[in-house]
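Please examine the sequence and the model below.

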Amino acid sequence: MISITVTALVFGVIFLAELPDKTALAGLVLGARYRASYVFAGVAAAFLLHVVLAVAAGSVLTLLPQQIVHALTGVLFLGGAAVLLLKKDEEDEEIRKPADQSFWKVAGTGFMLILVAEFGDLTQIMTANLAARYDDPLSVGLGAVLGLWAVAGLGIVGGKALMKKVPLRLITQIAAVLMLALGVWSLWEAIAG
């Protein structure tokens, strides 16, 4: 059974953490050049693969004693918060244009771009942490996939408009505060447990 609470929490954390990421900007650039549905298909498939891998890794962590899992996820969340607060603004990277604009070329370009750029990324590590933290792979996986797909959709369709209304720095700070809170909570449970 899927927990709406866990799914919503994971969605929020992943959405906020991914929004200021370079892949949202890459989706914006690809969406401006190519058919949005083709770009989204490739990007969505890559994010789905990343979430499956992250949830599998997090599920393995649940085999450890709970105190160790809470301590490990707490430290990783605090590290994620530090990365968000300390990272410098990333500039647009050049994205090569496929020779033709067929579905497979455009979707393949989006898939490969996200597959490479997101491997071991903060949101993938956070998804693994959340899977270990909540021991609910379906809810965590659903929340993470929906959060990543929402950011991809926003980036592809209208990321520039959102960034004009909400400062990127504010989004990054909100994501960092959420991760900081999750980290402190996990460490408290490790100590109290």
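Helix H7 (residues 137-165) supplies three residues, the largest share, of a nonpolar surface patch. The patch covers about 410 Å² and is made by Ile2, Phe11, Leu138, Leu142 and Leu146. Patches of this kind consist of residues with over 30% relative accessible area and no salt bridge, with nonpolar side chains (Val, Leu, Ile, Met, Phe, Trp, Tyr) joined within 5 Å. Helices are DSSP runs of H or I with at least four residues, strands are runs of E with at least two, and both are numbered from the N terminus. Isoleucine 2 counts as partly exposed because its relative accessibility is 39%; buried means under 20% relative accessible area, exposed over 50%, and partly exposed in between (1.4 Å probe, protein chains only).

This is a predicted model, in which local features need pLDDT of at least 70 and side-chain atom pairs count only at pLDDT 80 or more, while totals for chains, interfaces and linings use all residues. Residues are numbered from 1 along each chain as its sequence is written, and side-chain values use heavy atoms, with hydrogens and water left out.

The protein as a whole has eight helices and zero strands. Of its 193 residues, 44% count as buried. The protein exposes about 9,900 Å², of which carbon and sulfur atoms supply 71%; such areas come from the Shrake-Rupley method with a 1.4 Å probe, and for residues only the protein chains shown count as cover. A contact means heavy atoms within 4.5 Å. Among contacts between residues at least 6 apart in sequence, 92% join residues at least 24 apart.

What lies in the interior? The largest nonpolar core has 27 residues, and Val10, Ile14, Val39, Leu130 and Val140 have the most contacts inside it. A nonpolar core is a set of buried Ala, Val, Leu, Ile, Met, Phe, Trp, Tyr and Cys residues joined through side-chain atoms within 4.5 Å. H1, helix H3 (36-61), helix H5 (103-118), H6 and H7 each supply at least two residues of this core, and H3 gives the largest share, seven residues. Leaving aside residues up to four places away in sequence, valine 140 touches Val6, Val10, Val55, Thr127, Leu130, Ala131 and Tyr134.

Helix H6 (residues 122-134) also contains glutamine 124, which counts as buried because its relative accessibility is 12%. Beyond residues up to four places away in sequence, glutamine 124 touches His50, Leu53, Ala54, Glu118 and Phe119.

The structure holds one salt bridge, defined as a side-chain nitrogen of Lys or Arg within 4 Å of a carboxyl oxygen of Asp or Glu. Arginine 133 forms it with glutamate 189, their closest N and O atoms being 2.8 Å apart. This pair links distant parts of the chain, with arginine 133 in helix H6 and glutamate 189 in helix H8 (residues 168-192), 56 residues apart. Arginine 133 is buried, because its relative accessible area is 8%, whereas glutamate 189 is partly exposed at 21%.

Finally, confidence is expressed as pLDDT, the predictor's confidence in each residue, from 0 to 100. The protein averages a pLDDT of 80, and 81% of the residues score at least 70. Over residues 90-95 the pLDDT is below 50, and this stretch has 12 contacts in the model beyond near neighbours in sequence. Where pLDDT is low, the predicted coordinates should not be read in detail.

Notes: Patch = residues over 30% accessible without salt bridge, like charges linked within 9 Å, V, L, I, M, F, W, Y side chains within 5 Å.
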